[in-house]
Amino acid sequence: MAQSSLLERIKARQLDDPHLMVLRDTVQWGGAKEIVIGDDGVMRLRCRICVQNVDGLRDFILEEAHSSRYSIDQGVTKMYRDLKQHYLWQRMKKDIISSISRCLNCKQVKYEHQKLGGLI
């Protein structure tokens, strides 16, 4: 069975983050009801995986979501809606905007960068 290494990377980094360790202890003592530690050991808040900014993990997720052959340069709003269903981190939309603004293909395709075709 093929399995993504992304969840393993996120799980390992969650154990390294001191803020998430405090949350993990709170969950284990029954203090936080909306945070769940799944069977795979990954911490989730309302079914969304908590991702911390370690070792370029967020950048990797953004690059995969933007450059995947199934996403086809979807834009900020669509990418945000798709990612927020599965992942959670602070300033996610701002990170998505800065990631897409660096994409040369997106800059060239945008409507405001194209010339008008002329008279009809």
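This is a predicted model: local features need pLDDT of at least 70, side-chain atom pairs count only at pLDDT 80 or more; totals for chains, interfaces and linings use all residues.
Trainee: Is Gln52 buried or exposed?

Mentor: The cut-off for buried is under 20% relative accessible area. Gln52 has a relative accessibility of 4%, so it counts as buried.

Trainee: Which residues is Gln52 in contact with, once its neighbours within four places in sequence are left aside?

Mentor: There are contacts with Ile10, Arg13, Gln14, Asp17, Leu20, Leu57 and Arg58. Of these, Ile10 and Arg13 also belong to the contact between α1 and α3 on the α1 side, and Leu57 belongs to it on the α3 side. A further pairing is with Trp89: 37 residues separate it from Gln52 in sequence, while the C-alpha atoms are 6.6 Å apart.

Trainee: How should I read the packing of two helices?

Mentor: The description of two packed helices consists of the angle between their axes and the distance between the axes. Here, take α1, residues 6–16, and α3, residues 57–67: the angle is about 160 degrees and the axes are 11 Å apart. Angles over 145 degrees count as roughly antiparallel, and therefore α1 is roughly antiparallel to α3. The crossing of α1 past α3 is left-handed. Leu6, Arg9, Ile10 and Arg13 make the contact from α1, and Leu57, Phe60 and Ile61 make it from α3.

Trainee: What lies over the face of Phe60?

Mentor: Arg9 does, at 4.9 Å from the ring centre. Both Arg9 and Phe60 are listed in the α1 and α3 contact.

Trainee: How are pairs of aromatic rings described, and how many aromatic pairs are counted here?

Mentor: Such a pair is described by the distance of the ring centres and the angle of the planes. For this structure, the count of aromatic pairs is zero. The cut-off behind that count is ring centres within 6.5 Å.

Trainee: At what angle do α4 and α5 pack?

Mentor: Helix α4 (residues 76–84) and helix α5 (residues 92–101) pack at about 135 degrees, with 10 Å between their axes. That angle makes α4 oblique to α5. The crossing is right-handed. On the α4 side the contact involves Val76, Met79, Tyr80, Leu83 and Lys84; on the α5 side it involves Met92, Lys93, Ile96, Ile97 and Ile100.

Trainee: Are Arg46 and Cys47 buried or exposed?

Mentor: Arg46 is exposed, at 60% relative accessible area. Cys47 is exposed too, at 68%.

Trainee: Which residues does Leu88 touch?

Mentor: Leu88 is in strand β4, residues 87–88. Residues up to four places away in sequence are not counted; Leu88 then touches Leu45, Arg48, Ile49, Cys50 and Val51. Arg58 is 30 residues from Leu88 in sequence, and the two are 10.0 Å apart in space, C-alpha to C-alpha.

Trainee: How many helices and strands does the chain have, and how do its elements run?

Mentor: There are six helices and four strands. From the N terminus on, the order is α-α-β-β-β-α-α-β-α-α. The chain has 120 residues, of which 29% are buried. Among contacts with a separation of 6 or more, 53% are between residues 24 or more positions apart.

Conventions: Residues are numbered from 1 along each chain as its sequence is written. Side-chain values use heavy atoms; hydrogens and water are left out. Buried means under 20% relative accessible area, exposed over 50%, partly exposed in between (1.4 Å probe, protein chains only). Rings of Phe, Tyr and Trp (its six-membered ring) pair if their centres lie within 6.5 Å; planes under 30 degrees apart count as stacked, over 60 as edge-to-face and the rest as tilted. A charge sits over a ring if NZ of Lys or CZ of Arg is within 6 Å of the ring centre and within 35 degrees of the ring normal. Axes are lines fitted to C-alpha atoms, for helices over the stretch in contact, and angles run from 0 to 180 degrees between N-to-C directions. Helices (H or I, at least four residues) and strands (E, at least two) are DSSP runs, numbered from the N terminus. Angles under 35 degrees count as roughly parallel, over 145 as roughly antiparallel, 65 to 115 as roughly perpendicular and the rest as oblique. A crossing is left-handed if the near helix is turned anticlockwise from the far one by less than a right angle, and right-handed if clockwise. Contact means heavy atoms within 4.5 Å.
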